[in-house]
Amino acid sequence: MNRGNGITLLAVTAALAICSIPSSTTMSVQPLRNVAASDPGVLLTGKVVTMNDAGEVWPGARLWVRAGRIEAITKMGDPLPAGAKDAQVINTDGVIYPGMIDLHNHPEFSIYPLMPIRKAYKDRYEWRFYEAAYNKRITYPQLVLAANDYYDLGMEMGRYGEYKAMAGGTTALQGGSVDRPYSTSECLVRNIENSRVGPRLAVSRVDIGRDAIEWADLLRVKEKGLLALHLAEGTSSRMATEYEAIKKSGLVGSELITIHNVGLTRDQFKDMAAHGAKMVWSPLSNFLLYGKTADVAAARKAGLAISLAPDWAPSGSKSILGELKIADLVNKHQLNGLFSDRELAEMVTRNPAQAMRWTDRAGQIAPGFVSDLVVMDDQHNDPYRNLIEATEENVRLLAVRGEMLYGDQYIMRKVRRAVDIEGTAKFDNNRTKVMAVDCPGTKLPKMSFAETKDRLQRALDMDPSFLLEQVQRRPDSVKRIVAELSNCPGGSSAGRLTAADMKRLLSCRLGLPYERTTLSPLVTNDDEEWMARLLANPNIPTYLKALPHYYERKQEEGEHQGNQGNEQHTRR
């Protein structure tokens, strides 16, 4: 299927009778006029979890996907719509969900390992502005890796963030740099700041207004789009005053999506709900940094729509799939089961879709909706518990815009040529995950997953030869580097720049390298350091130490899933 610049959607005009078991065995809409007859699309078979209002689950179904959208859902054995008869059939033998939507991330920071946090901070300003180790671990390396005058790897960093998102079942992502090509072209997953699924784009801001110019910018955003704003991140008394500041400035309304909300009061949650605002909950990052998370019980009681998201790699889960396990533990041990399994699943599907005003386009499986989907192993009778307990190993297939972009090797080989896929992760049972290479359908430069990892690791190592190679491609950068060297011992380079000059510059100007930094692996199972640092964190509640249990799989279960790949087949 070809990837275009946009997606044409039809509204579903007929009201559908819905109940726990579908009363109709087929749901479909009329085909799009501009769909070529030569593109019959794909039929995915499996258990379909619609995430619609009635919570319909189709135990055995065929999902017809064509031209970036869902055309129809039919019960196995029932007649197919005429246009679907020649579609390629992919027997997933899994559970098909709407793709998960991550409303709180910083994908260009996905390269970093989890920070070794040894104290509880009062708020984000304390560690961001006054923690020297944080600057040397994150701030300065990020500058060197992303800036045009240094390694200039913004493209690779953004791509890696999308790779990690896909590995965790994510199909839409917040927080990418809106002007970087990977984000504007939407390399693989959707970027909410650039993806025109709904009537308004989102604009993301980490800081509330620090001066008149920033406040004016926030107001302009609210008038034209949706504002995803970091708010009250911490426990200090000034966190609640942030809410009062944005309220007095006219920013609280249905366009507002607040992220973190740790320091908000019950009355403030009530006020947010009364104004139609939405919130995003990131419990792991909150606990790791502050020892406390948002009062989601008060938010729920106030009627706020809550989405769940992982925050960033230095202090959060690897993906939204991992964050589901944190929320599950919080719900069991701290909230006494306040949220049902279905409600937790809604926090990563339909709730963020509603926050983005994608209600009639995404976050559910229905005819006319975008075909952003994730297929998981079928391990639990309850489909919502099945999603919560799934790990990266259980991601069978992921589709964005109807394109099969990531999943088990045996499935991906059915929909893409061998030269168009590349291995990304391998699990103990020899189960291999692969992804589509080179951001298919875009004009982005070709770069394999292996090359992306290599370039990022060389930069994280502060490799002076690699830095010299990157700088020498840009004459203006050479001039600026020479000027910077004049402030270092030994002065400017007498002739052509050398690798020794690059090493001297990094040490003199930024104190780098600070420590050995290993590129953060895509999946949790490959990252022993991530789990070790999380468990050693002094701020997390004791019950979070049960997190490893989600990732401990019985060997026979792993062998069963791995062997199934040899038994699956597709047909035309």
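Helices (H or I, at least four residues) and strands (E, at least two) are DSSP runs, numbered from the N terminus. This is a predicted model, in which local features need pLDDT of at least 70, side-chain atom pairs count only at pLDDT 80 or more, and totals for chains, interfaces and linings use all residues. Residues are numbered from 1 along each chain as its sequence is written, and side-chain values use heavy atoms, with hydrogens and water left out.

**Stop 1: a cis peptide bond**

Select L512 and P513. The peptide bond that joins them is cis, with omega of about 0°. P513 belongs to the loop between α18 and α19 (528-536).

**Stop 2: two residues with positive phi**

Most residues other than glycine have a negative phi, and most peptide bonds are trans. Select E186, in the loop between α4 (181-184) and β8 (190-191). Although E186 is not a glycine, its phi is positive, about 50°. Is E186 buried or exposed? E186 is buried, with a relative accessible area of 10%; buried means under 20% relative accessible area, exposed over 50%, and partly exposed in between (1.4 Å probe, protein chains only).

Next, select A232, in the loop between β10 (226-231) and α6 (238-248). A232 also is a residue other than glycine with a positive phi, near 50°. The relative accessible area of A232 is 0%, and the residue is buried.

**Stop 3: the five-stranded sheet**

Display strands β9 to β13. These five strands form an open sheet in the order β9-β10-β11-β12-β13, with parallel pairing; two strands pair if DSSP finds at least two bridges between them. At the edges are β9 (202-205) and β13 (306-308), each of which pairs on one side only. From one strand to the next, the twist averages 25°; axes are lines fitted to C-alpha atoms, for helices over the stretch in contact, and angles run from 0 to 180 degrees between N-to-C directions.

Within this sheet, select β11 (residues 256-260) and β12 (residues 278-281), which run parallel and are joined by three bridges. Opposite M279 in β12 stands T258.

**Stop 4**

Now centre the view on W281. Which residues is W281 in contact with, leaving aside its neighbours within four places in sequence? Among them are T293, I306, L308, A327, V330 and M347; contact means heavy atoms within 4.5 Å.

**Stop 5**

Select β6, β7 and β8, an open sheet in the order β6-β7-β8 with parallel pairing. The edge strands, β6 (100-102) and β8, each pair on one side only. Strand β7 (residues 170-173) is joined to β8 by two bridges in the parallel sense, and A172 has R190 as its bridge partner in β8. Helix α10 packs on the sheet, touching β6 and β7, and its direction makes about 85° with that of β6. Helix α3 lies across β7 and β8, at about 140° to β7.

Stay with α10 (residues 320-333). Its 14 residues should span 20 Å at 1.5 Å a residue, and its end C-alpha atoms are 20 Å apart, which agrees; the expected span of a helix is 1.5 Å times one less than its number of residues. Twelve of the 14 residues are buried, so α10 is largely enclosed by the rest of the structure. Including I320, L324 and V330, the buried residues can be coloured along the helix.

**Stop 5: a kinked helix**

Select α2 (residues 132-146). Where is its kink? A kink of about 25° lies at T139, shortly before the proline P141; the bend at a residue is the angle between axes fitted to the seven residues ending there and the seven starting there. The buried residues of α2 include Y134, I138 and P141. Their cover includes α1 (124-130), α3 (154-167), α15 (449-460) and α18 (499-510).

**Stop 6: strand β16 and its partners**

Finally, select β16 (residues 403-408). Six of its six residues are buried, so β16 is largely enclosed by the rest of the structure. Strand β15 (residues 395-400) runs antiparallel to β16, with four bridges between them, and L397 stands opposite G407. The two strands form a hairpin with two residues between them, and R401 in the turn has a positive phi of about 60°. Strand β18 (residues 432-436) also pairs with β16 in the antiparallel sense, over three bridges; there D408 stands opposite K433.
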